[in-house]
Amino acid sequence: MSKPDYDESRLTVVDHPMVQHKVSILRSKDTSTKEFRELVRELALFEGYEATRDLPLEDVEVETPLEKTICHRASGKKVAIVPVLRAGLGMVDGLLELVPSARVGHIGMYRDPETHEPHEYYCKLPPDVEKRICLIVDPMLATGGSANAAIDYLRKAGVKDVRLLVLVAAPVGIKAVLDHDPDVRVYTCEIDRELNDNAYILPGLGDAGDRIFGTK
Ligand code: PRP
Ligand code: URA
């Protein structure tokens, strides 16, 4: 297999066996809306473990029932979770379970069905967003247009540490994002084969927003 022509050092594929198991259920056309939504939340939590692996820790003294000991706690580096609406909303609760103190910003974006270009319709970020590690969440990375627009929005707001968490990615989308922004890190559960003529991921899982919210 030929080597991908993007910066692999900024890409993490979260290929834990339970992640692969859950993605296989997510992909099935027979999976119900309820189950799909639960799986997206669970997978976001798994992915969040990897995406926050380098969060700084500080020493704290804790007194157990037996003695005093030094433990490690997150040192207060702040996190913002930024879902790309709509489908990204399905990943927020899983990440909030992992980082309960995180703030949540929203970027509303839809893809034009003809041109596949992203259109922004809503944005609201925490006031101190530039000081936070920002986790952009969206289950699907297809052409990369929506992700790049979301990344640009955060960069304009002054955010230095941007990480993109998706569940399924097309190679062309990964390349588009990694080439577009020299610092962003990308996390995905799986890399799929290609896009079809409608810029849907193959084999993919269909329209993530429709499947999370039961709108089709
Ligand atoms: C989907 C998906 C991403 C985007 C990916 O959203 O959730 O945001 O498409 O495609 P891209 O990489 O080619 O930009 P969609 O526009 O369908 O909106 P929705 O979440 O409201 O359904
Ligand atoms: N958006 C989706 O929801 N699914 C795809 O396969 C591509 C874009």
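Let's start with the strands: β1 (residues 11–13) runs parallel to β12 (residues 185–188), and three bridges join the two. Strands here are DSSP runs of E with at least two residues, helices are runs of H or I with at least four, and both are numbered from the N terminus. Two strands count as paired if DSSP finds at least two bridges between them. Within this pairing, Val13 stands opposite Thr188 of β12. Strand β10 (residues 161–165) also pairs with β12, again in the parallel sense and over three bridges. There, Leu164 has Val186 in β12 as its bridge partner.

A quick word on the model: it is predicted, so local features need pLDDT of at least 70 and side-chain atom pairs count only at pLDDT 80 or more, while totals for chains, interfaces and linings use all residues. Residues are numbered from 1 along each chain as its sequence is written, chains are lettered from A and ligands numbered from 1 in the order in which they are written, and side-chain values use heavy atoms, leaving out hydrogens and water.

Now for ligand 1. It is surrounded by 16 residues, and the closest are Arg111, Asp138, Thr143, Gly144 and Ser146 (a residue is near if one of its heavy atoms lies within 4 Å). At least two residues of this shell come from each of β4 (79–85), β6 (106–111), β9 (140–141) and α4 (145–156). By type, the shell splits into seven nonpolar, five polar and four charged residues.

Ligand 2 has its own set of neighbours: Arg111, Met140, Ala142, Ala199, Tyr200, Ile201, Gly206, Asp207 and Ala208. Six of these are nonpolar, one is polar and two are charged. For both shells, Ala, Val, Leu, Ile, Met, Phe, Trp, Tyr, Cys and Pro count as nonpolar, Asp, Glu, Lys and Arg as charged, and the others, Gly among them, as polar.

Here are some polar contacts, meaning pairs of N or O atoms within 3.5 Å:

| Residue and part | Ligand atom | Distance |
|---|---|---|
| Arg86, side chain | ligand 1, oxygen | 2.9 Å |
| Asp138, side chain | ligand 1, oxygen | 2.4 Å |
| Thr143, side chain | ligand 1, oxygen | 2.6 Å |
| Ile201, backbone | ligand 2, oxygen | 2.8 Å |
| Gly206, backbone | ligand 2, nitrogen | 2.8 Å |
| Ala208, backbone | ligand 2, oxygen | 2.8 Å |

How much of ligand 2 does the protein bury? Taken alone, ligand 2 exposes 230 Å², and the protein buries 88% of that. For ligand 1, the protein covers 90% of the 500 Å² of accessible area that the ligand has on its own. These areas come from the Shrake-Rupley method with a 1.4 Å probe.

Key
Polar contact = N/O pair within 3.5 Å; in protein donor to acceptor, adjacent residues only side chain to side chain.
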